Amino acid sequence: MSESQYQLETLAVRAGTSRTEFGEHSEALFLTSSFVFESAEQAAKRFIGEEPGNIYSRFTNPTVTMFEQRLAALEGAEQCVATASGMSAILSTCMAFLKAGDHVIASQSIFGSTVNLFNNVLKKFGVETTFVSATDVAEWQKAVRPNTKLFFLETPSNPLTEISDIAGIAAVAKSCGALLAVDNCFCTPILQRPLELGADIIIHSATKYLDGQGRVLGGAVLGSKKLMEPVYGFLRTTGPTMSAFNAWVFLKGIETLKLRMEAHSANALQLAQWLEQQPNVKRVLYPGLPSHPQHALAMKQQKTGGGIVAFELKGGKVEAWRVIDNTQMLSITANLGDTKTTITHPATTTHARISPEARAAAGISDGLIRIAVGLEAVVDIQNDLARGLA
Ligand SMILES: *Cc1c(COP(=O)(O)O)cnc(C)c1O
């Protein structure tokens, strides 16, 4: 399907579908590790790349290919490389474009495991990372070194929903010859299309909204054909590829992505507005609220505020745990992007390993709660929170 011809909701349902001789309507699940050839000659041609076609599912698999083409169409990317998880998407990107002696500039408000990857794993191989403010473009400019090869950001950020100026940071990356990778997990292409704003590479944890129902792990890297070549090369050689079964689950999940993202956003906005009215809530962080520090930028680069709401209580840890422990319906878990609403206390879970000073500097206080708003009725979510908020 030509990407320009169809709207996003159409692409989400139909892009990438290819049928077998059986004419199945729903995409086929190819649970096979390898593929057979008609002759020794065909095998030889496939292996040296003279003839297109599948060889082995670490290299390509038809169900995974359908997922890649569907997501590529949604992001407006030439190519997509599917991976086993969001983290392996980030690792594959780093391994494709970085070598010993290179320098990375990353937003300090990125996913905890991504921070670990830069700080501990890549450091061991001689790659240095400077962490800068998610919201101050000038800091990115100041951190540039002659050996800077990669910029990495995530917007909105977790858990504070800080918004990074993708176009502004892309311009800085371009001026120093570095690549900009954007983790688009929170928005998905339904709400934000980073390539159109100047990013070179998009990262997804498909585990979250692309599946949408908390079932399987997966990830993706997207960009131009040229940039995806070394990413695919790393994956084909080292093996953190997406399983065919997971790709099939994601294909089904993506079909309802637009409906879900709109519903998550509408619920989140309504919940955020309600939270702002609660006497024991000090502040609410939601990009869709006019009170959000980067509301104008958020509304320029995203269609809606998304599904994640953070709020700070007037109290600290005791009060935050009271709200969480008084819920009866919400799921106490750090996962997000699910039809089921989840609630988490970042200071003692996702960000517990960071020093209290660093947490405070990042604005993650003991009274902060993050909610990944699901698709239940908002009134039921409110009632579940009201008990502990009283
Ligand atoms: C969950 C998450 C990841 C990591 O993805 P996995 O699929 O868990 O490996 C990366 N970035 C963001 C923003 C995430 O929320």
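The loop between β4 (148–154) and α7 (166–175) contains P156. In this predicted model, the peptide bond that leads from T155 into P156 is cis, and its omega is near -5 degrees. P159 belongs to the loop between β4 and α7 as well. The bond from N158 to P159 is also cis, with omega near -5 degrees.

T161 is a further residue of the loop between β4 and α7. Although T161 is not a glycine, its phi is positive, at about 55 degrees. T161 counts as buried because its relative accessibility is 1%, and the limit for buried is under 20%.

A positive phi is also found at T188, at about 65 degrees, and T188 is not a glycine either. T188 is part of helix α8, which covers residues 188–191. With a relative accessibility of 1%, T188 is therefore classed as buried.

**The ligand and its surroundings**

The residues around the ligand are S85, G86, M87, F111, E154, D183, C185, F186, S205, T207, K208 and G218.

**A sheet of five strands**

Five strands form an open sheet in the order β8-β9-β12-β11-β10, and their pairing is mixed. The edges are held by β8 (281–285) and β10 (331–332); each has a single partner strand, so one side of each has no neighbour in the sheet. In general, the strands of a sheet pair through backbone hydrogen bonds, either parallel or antiparallel. Between β8 and β9 (residues 308–313) the sense is antiparallel, and the pairing runs over four bridges.

Which residues make the nonpolar surface patch of about 290 Å²? L29, L31 and F245 make this patch. L31 is placed in the loop between α1 (8–14) and α2 (40–47). L31 counts as exposed because its relative accessibility is 66%, and exposed means over 50%.

Note on methods
Residues are numbered from 1 along each chain as its sequence is written. This is a predicted model: local features need pLDDT of at least 70, side-chain atom pairs count only at pLDDT 80 or more; totals for chains, interfaces and linings use all residues. Side-chain values use heavy atoms; hydrogens and water are left out. Patches are made of residues with over 30% relative accessible area and no salt bridge: like charges are joined within 9 Å, nonpolar side chains (Val, Leu, Ile, Met, Phe, Trp, Tyr) within 5 Å. Accessible areas come from the Shrake-Rupley method with a 1.4 Å probe; for residues, only the protein chains shown count as cover. A salt bridge is a side-chain nitrogen of Lys or Arg within 4 Å of a carboxyl oxygen of Asp or Glu. Helices (H or I, at least four residues) and strands (E, at least two) are DSSP runs, numbered from the N terminus. Buried means under 20% relative accessible area, exposed over 50%, partly exposed in between (1.4 Å probe, protein chains only). A residue is near a molecule or strand if one of its heavy atoms lies within 4 Å of it. Two strands pair if DSSP finds at least two bridges between them.
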